[in-house]
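Take a look at the protein below. This briefing walks through its parts one topic at a time.

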Amino acid sequence: MVDLAPKGLEGVYVDTTEIATTDKTGNLVYRGYRVIDLADKTSFEDIAYLVVYGSIPDADKSRAFSSFLRENAQISEESGKIAGIMKGRPVIDVLRTVVSSLKPEGVNTDALLSIAAKFPEIIHSAANSSPAGSKLPEAYPDRFYYLLTGKEDRNKARLLEKILIMYMEHEFNASTFALRVTASTMADPVCAFTTALATLKGPLHGGANSAVLKFLLGIKNRDEVKRYVDSALEKKEKIMGFGHRVYKDKDPRAQYIKKILLENFRDNPAVQNAVYMEEYIWNKKALAANVDFYGALYMHLLGIDEKFYLPIFAAARAFGWVAHYSEQMSNNKLIRPLAHYVGKMDLTLR
Ligand code: COA
């Protein structure tokens, strides 16, 4: 018997990265900075620049990056038509299809960023018949908030910005690893983004947040929380929004979003039930709430429709994907592991 890597590659380091990690205190780190510090002090666009280029931009670079994202945000008539044909389908499917139809513009960072820049307008066109218009707010989070809700609201856009920052990057998560496998074949960025979007959709990865919201809005009190959790654990069902491959004690992103939820919506019954549910599940099974648990309720309280939650995650993570595609290509080797064959052998055809 050969030595197999652990199932799901759990605990296996498969390559190095300079983009993100989790430090010894359990904090998520982008390019050396703790994400919770970045989110308190810096803008989404500057952090996207940091993740992609490796340093915080000065004022000129920051302005130029922001303009670049704005100038590349608009989608073509063809993309609008493809979104129109798919109307009614899950927004993440429309996003994946429109992204897969984009014309590859090369393999440089600008080409990658111009794909990421289009996500908010593609997401908008998946749910609206009318085009996004040309007079959109300048900053990325404000523009995105407007495209999601049809409203300009600086405060809510600032709150959306925080969760976008939390979602932006997470080293070798499943969608990013899938993107790197595709990049390693030297397929173009459009193919790699399509792979990543397909992988993100699964409920064990990005698809958990909508399920969490349905549950949290449906329950009335602590007894219902207990009944739901007890029954799910007894039946050995997975409770969406709990557990994580990396964060076994606490997900720092979930704790950050919880803090803002409590600062802004402390008296909301769903928030109180969520906090109780986190405690109850931790005490019963030592499972930590992950970012999708508080993230879903957070976006709901910002007035954002549930169909957008996974696409919002994708739009933020797209900047992490840009960085990983570039890092993979900077020192590429085809990712092609081995499978230990345990099937039948030496059969004869009659
Ligand atoms: N609900 C109930 N039990 C859970 C659970 C959950 N959400 N997540 C993990 N567990 C249990 C497993 O059943 C297993 O229990 P056991 O040892 O008694 O068999 C144990 O915890 C270890 O879980 P495992 O699935 O092996 O961990 P993993 O690292 O492979 O999985 C996830 C991580 C994220 C896939 C998993 O926690 C999960 O499915 N969570 C729900 C989906 C989710 O919220 N995804 C978003 C992630 S950000």
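The model is predicted. The domain assignment gives two parts: domain 1 (18–203 + 303–330) and domain 2 (209–301).

**Domains**
- The C-alpha centres of domain 1 and domain 2 are 25 Å apart.
- The two domains touch: 25 residues of domain 1 are in contact with 23 residues of domain 2.

**The largest nonpolar core**
- The largest nonpolar core holds 108 residues.
- Seven residues touch the most other members: Tyr30, Phe119, Leu160, Phe193, Met277, Ile304 and Phe319.
- Helix H16 (residues 309–330) is the top contributor to this core, giving 13 residues.
- Both domains take part, as the core draws at least three residues from domain 1 and at least three from domain 2.
- Phe119 shows what such contacts look like: beyond four places in sequence, Phe119 touches Leu95, Val99, Phe193, Leu197, Ala314, Ala315, Ala318 and Trp321.

**Helix H2**
- Helix H2 spans residues 44–53.
- Nine of its 10 residues are buried, so the rest of the structure largely encloses this helix.
- Which residues of H2 are buried? They are Phe44, Glu45, Asp46, Ile47, Ala48, Tyr49, Leu50, Val51 and Val52.
- Gly54 follows H2, and its phi is positive, near 95°.

**Asp292, a buried acidic residue**
- Asp292 sits in helix H15 (residues 291–301).
- Asp292 is buried but has no salt bridge.
- Which side chain of opposite charge is nearest to Asp292? It is Arg253, 7.1 Å away.
- The side chain of Asp292 does make a polar contact, at 2.8 Å, with the side chain of Tyr167.
- Beyond four places in sequence, Asp292 touches Tyr167, His205, Gly206, Ala208, Asn209, Val212 and Phe313.

**Glu278, another buried acidic residue**
- Glu278 lies in helix H14 (residues 269–285).
- Is Glu278 buried or exposed? Its relative accessibility is 9%, so Glu278 counts as buried. The cut-off for buried is under 20%.
- Leaving out neighbours within four places in sequence, Glu278 is in contact with Phe242, Gln255, Lys258, Ala289, Phe293 and Tyr294.

Key:
Residues are numbered from 1 along each chain as its sequence is written. This is a predicted model: local features need pLDDT of at least 70, side-chain atom pairs count only at pLDDT 80 or more; totals for chains, interfaces and linings use all residues. Side-chain values use heavy atoms; hydrogens and water are left out. Helices (H or I, at least four residues) and strands (E, at least two) are DSSP runs, numbered from the N terminus. Buried means under 20% relative accessible area, exposed over 50%, partly exposed in between (1.4 Å probe, protein chains only). Lys and Arg count as positive and Asp and Glu as negative; His and the chain ends are not counted. A salt bridge is a side-chain nitrogen of Lys or Arg within 4 Å of a carboxyl oxygen of Asp or Glu. A polar contact is a pair of N or O atoms within 3.5 Å; within protein, one must be able to donate a hydrogen and the other to accept it, and residues adjacent in sequence count only if both atoms are side-chain atoms. Contact means heavy atoms within 4.5 Å. A nonpolar core is a set of buried Ala, Val, Leu, Ile, Met, Phe, Trp, Tyr and Cys residues joined through side-chain atoms within 4.5 Å. Domain bounds come from an automatic or database domain assignment.
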